[in-house]
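Please summarise the fold, the helix packing and the nonpolar core of the chain shown here.

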Amino acid sequence: FAGPLVALAVLAAVGSTSQAGFDAVFVTSFCFAALGVLFLGLFVRDRRGEMPPRKLPAVTLVRDARVRRLLFAAVVLGLSTIGDGFVYLLLQRREDIGVGWFPLLAVGTNLAYLLLAAPLGALADRYGRLPVVLGGYGALIVVYLMLFGPLTGVPLLVVTLGLYGAFYAATDGVLMALAGPILPEGLRTTGIALVQTGQSIAYFVSSVLFGLAWQFWGPATASRIAAVVVVLAIVATVLVVRTKR
């Protein structure tokens, strides 16, 4: 949340149109990154658990039907998610937002994420993780539809960015929490990485397809198609991932 604000402050202090301004942003970012690595190395301790098998741990994981179902659901849900840049670009074009204010769209999303992540995480622990994840994708459907809906101006920005942040708050950590109990302890990190890899590849493919749909049919039709794909992904996930008490 604070990162883009710091970047805007640096650009404002140095000069947003000059090369020196962008150089200052990257140098500042490097300093924060170096500080984070320093704290990580000096103060964080790793607790090693059970050693994983040496041969092809990913193959060992996909032999489990529950892991395969979860991986399939992650890929399907990833295919229904387009790049953040498309959402922000559509908002910028519709509301004629200046280029200098463009990064604040991400700040709005991050603010909603910041406020909702802990409450939605607690809700997932209390009532189930899968319903919260699916609810997050329900919020994503509304975001895609609102990009060309009747709402305009500040209400559009507040509601859209709020729901977009809610989508991330309900899915990022909660999906990994859903995967955790299914994965064996000795391969949990490998399993989470496998799920994230599958979802990231699907996310890349969906962004390319959305860009092609935008090119051939226009952004409004592409956004509505994306909303329909999210609906289908939710239905497929419900059918594939069934949790037993």
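## Basis of the model

This is a predicted model, in which local features need pLDDT of at least 70 and side-chain atom pairs count only at pLDDT 80 or more, while totals for chains, interfaces and linings use all residues. Residues are numbered from 1 along each chain as its sequence is written, and side-chain values use heavy atoms, with hydrogens and water left out.

## Overall make-up

The chain has 10 helices and zero strands; helices (H or I, at least four residues) and strands (E, at least two) are DSSP runs, numbered from the N terminus. Its C-alpha trace spans about 55 × 50 × 35 Å along the principal axes.

Of the 245 residues, 35% are buried, that is, under 20% relative accessible area with a 1.4 Å probe, protein chains only. The accessible surface is about 14300 Å², and carbon and sulfur atoms hold 69% of that area (Shrake-Rupley method, 1.4 Å probe). Among contacts (heavy atoms within 4.5 Å) with a separation of 6 or more, 78% join residues 24 or more positions apart.

## Helix α5 against α8

Helices α5 (residues 84–95) and α8 (residues 153–179) pack at about 175°, with axes 11 Å apart. Axes are lines fitted to C-alpha atoms, for helices over the stretch in contact, and angles run from 0 to 180 degrees between N-to-C directions. The angle makes α5 roughly antiparallel to α8 (over 145 degrees).

The α5 side of the contact includes Val-87, Tyr-88 and Leu-91, and the α8 side includes Leu-156, Leu-157 and Tyr-164. By class, the contact residues are eight nonpolar, two polar and three charged. Here Ala, Val, Leu, Ile, Met, Phe, Trp, Tyr, Cys and Pro count as nonpolar, Asp, Glu, Lys and Arg as charged, and the others, Gly among them, as polar.

## Helix α6 against α7

For α6 and α7 the packing angle is about 135° and the axes lie 7 Å apart. Leu-120, Leu-123, Ala-124, Asp-125 and Tyr-127 of α6 meet Arg-129, Pro-131 and Val-132 of α7. This contact has six nonpolar residues, no polar ones and two charged.

## Nonpolar core

The largest nonpolar core has 53 residues, and Val-87, Tyr-137, Tyr-144 and Tyr-164 touch the most other members. Such a core is a set of buried Ala, Val, Leu, Ile, Met, Phe, Trp, Tyr and Cys residues joined through side-chain atoms within 4.5 Å. Its largest share, 12 residues, comes from α8.

Not counting residues up to four places away in sequence, Tyr-144 touches several residues, among them Ile-82, Val-87, Ala-226 and Val-230.

Note on methods
Parallel < 35°, antiparallel > 145°, perpendicular 65-115°, else oblique. Buried < 20%, exposed > 50% of the residue type's maximum accessible area, 1.4 Å probe, protein only.
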